[in-house]
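Let's take a walk through a protein model together. Have a look at the sequence and the structure first, and then we will go through them step by step.

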Amino acid sequence: MNQLLNQIGDWNPQLLRELKGRLKFRSVAVTVAGSVVFQLLFILSFWQSLPREGQRYSRYCLDTATPCTVNWPIWWQDQFRFIAWLLPFIFFAAGVYALVADLTQEERRGTLNFIRLSPRSCFSILVGKLLGVPILSYLGVALIVPLHVVAAINAGTPIGFLVSYYVLLLATGIFLFSAAVLQALWSGDRILIAGRISSGPILLAFVTLWLTNIYMFWNLSTTWSSFSRTVFAINSIPDFQWFYLQLAENPFTSHIFTLAVLGIGTYGVWQLVKRRFNSPSATAIGKKQSYYTVAFLEVFCLGFCLYSGNPPDRLIYLAQFGGLYVFNFICFLILIASLSTQRQALLDWVRYGLQRGGLVRDLIWADKSPAPIAIAVNLIIANALLIPWVSLWNDSTYKLKGILALVLFSTTMLVYATIVQLILSLKIQRPVVWAWGTIVSITILPPIFLSLLSLTPERVPLLWIILGLPVYPSGAASEANLVVGIVVQAIIAIALGFRLATKLQQLSTDRSGTLPA
């Protein structure tokens, strides 16, 4: 064992540190005992469901006309299905909680800064975290795998499904755990409450449970579609297509697609993780990285809106448009939060950054420059992909409305981005709280007040549009109303842009610095 530990320490000292801290006798004993007790209770519950002597009617009877003879493959199959659903929930939620809680505590204690000073690379350190921090969770799940495999063998489950199940479980786990590391590095100790009680890891664990449902639904509909009816007894399977490619028809194609998306997502997350780990004061994402990210996400989502068969009716178009609107709204709010520059970085940029190149080049590429121009570039990328899709609608009534709604969305996002950047440039305490409090207020409060006054979008669509509130390109939003809304939002964005430019000029001569944290 000592020789093995020495080899692990030579390969990854951080992993050795995590293993020594967590593989204590008591912790391992509790994990093993908990897993064994859970499996015993699990088997006992299924044993109790077997038919009693003389019973004629039961799910596990071979023939209901005679005294019941147990159909053992069905009994084992039910156990296999239950564990197949349960394992991802335990694996993902436990791993995400352990990683976020550990990195949050490291940030709070200040030890994460000492780890950053290590001569080891960021990748080596964080891989040690990924492998070592959730080691007890990995152990608990690994102890359940033999029972799962035994149940699969006795149920006659195809070996191909078992291989696919564990490959996708591992690939998705790597992606989610990498995203958990990124979230922990981005949030730091701000998600701690009362010192030790952390709501952030618990909240992220619950979010992971929701994502696990999506994981199972996606795989049952595509990668495991050929097994869904036999293994999971699912008869209704959605027809997923991506740019006219039938994902459920060919298991090889669906596996390549799913693993490719997970691989690209994991690579992108690790680029952000390395950036955040090496430069904690930098923005969460670089401007160049944001352009690639937006292009990838838009292409990925747009692919599911194009499929062969009968042309969709306007209700399907509006549903797709609404889904993309909500998705882009959330993504661009996250992007604004990730790209917006703090006051000190703005001070550095206006004093020294402009010496590197032209103003336009800096606004597009320099990470310390203000965010609105980069947000505008990302909006151009998104619209360059979405407007051609709207132009393909067979309902000409909604084509122009859809395009105008996309332009209105862009002007609204520019207003939000400029407001956030303007507030972050002020010399105030907790500018981030003020910035996002303002955005939340102008996004949530107006619809509440308008609804209380019975001023619905159907009655006063122009007011909703001018306020930048989401109104789909339906009958309530005419082309004229959308144009007026775009003009008003553009005027607001330009006025805020001039105010931000004036503020940046003031910063160039301001030598007082920023308020202490």
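A salt bridge is a side-chain nitrogen of Lys or Arg within 4 Å of a carboxyl oxygen of Asp or Glu. Before we use that idea, note that this is a predicted model, in which local features need pLDDT of at least 70 and side-chain atom pairs count only at pLDDT 80 or more, while totals for chains, interfaces and linings use all residues. Residues are numbered from 1 along each chain as its sequence is written, and side-chain values use heavy atoms, with hydrogens and water left out.

How many salt bridges does the structure hold? There are 10. One of them pairs Glu106 with Arg17, with the closest N and O atoms 3.2 Å apart. Glu106 belongs to helix α4 (residues 72–109) and Arg17 to helix α2, so this pair ties together parts that are 89 residues apart in sequence. Helices here are DSSP runs (H or I, at least four residues), numbered from the N terminus.

Are these two partners buried or partly exposed? Buried means under 20% relative accessible area, exposed means over 50%, and partly exposed lies in between (1.4 Å probe, protein chains only). Glu106 has 1% relative accessibility, so it counts as buried, whereas Arg17, at 38%, counts as partly exposed.

Asp78 and Arg81 form a salt bridge with their closest N and O atoms 3.8 Å apart. Both lie in helix α4, three residues apart, which is about one turn of the helix.

Another salt bridge joins Arg275 and Asp367, whose closest N and O atoms are 3.0 Å apart. This pair links distant parts of the chain, 92 residues apart: Arg275 sits in helix α11 (residues 251–278), and Asp367 in the loop between α15 (359–365) and α16 (372–391). Salt bridges can also share partners, and in this way Arg17, Glu18, Arg22, Asp102, Glu106 and Lys129 are joined into one network.

Let's stop at Glu18, a member of that network. Glu18 lies in helix α2 (residues 13–22) and counts as buried because its relative accessibility is 2%. Leaving aside neighbours within four places in sequence, Glu18 is in contact (heavy atoms within 4.5 Å) with residues including Asp102, Glu106 and Lys129.

Finally, turn to the nonpolar side chains. In soluble globular proteins, nonpolar side chains tend to be buried together.

Technical notes:
Helix = DSSP H or I, 4+ residues; strand = E, 2+ residues; numbered from the N terminus.
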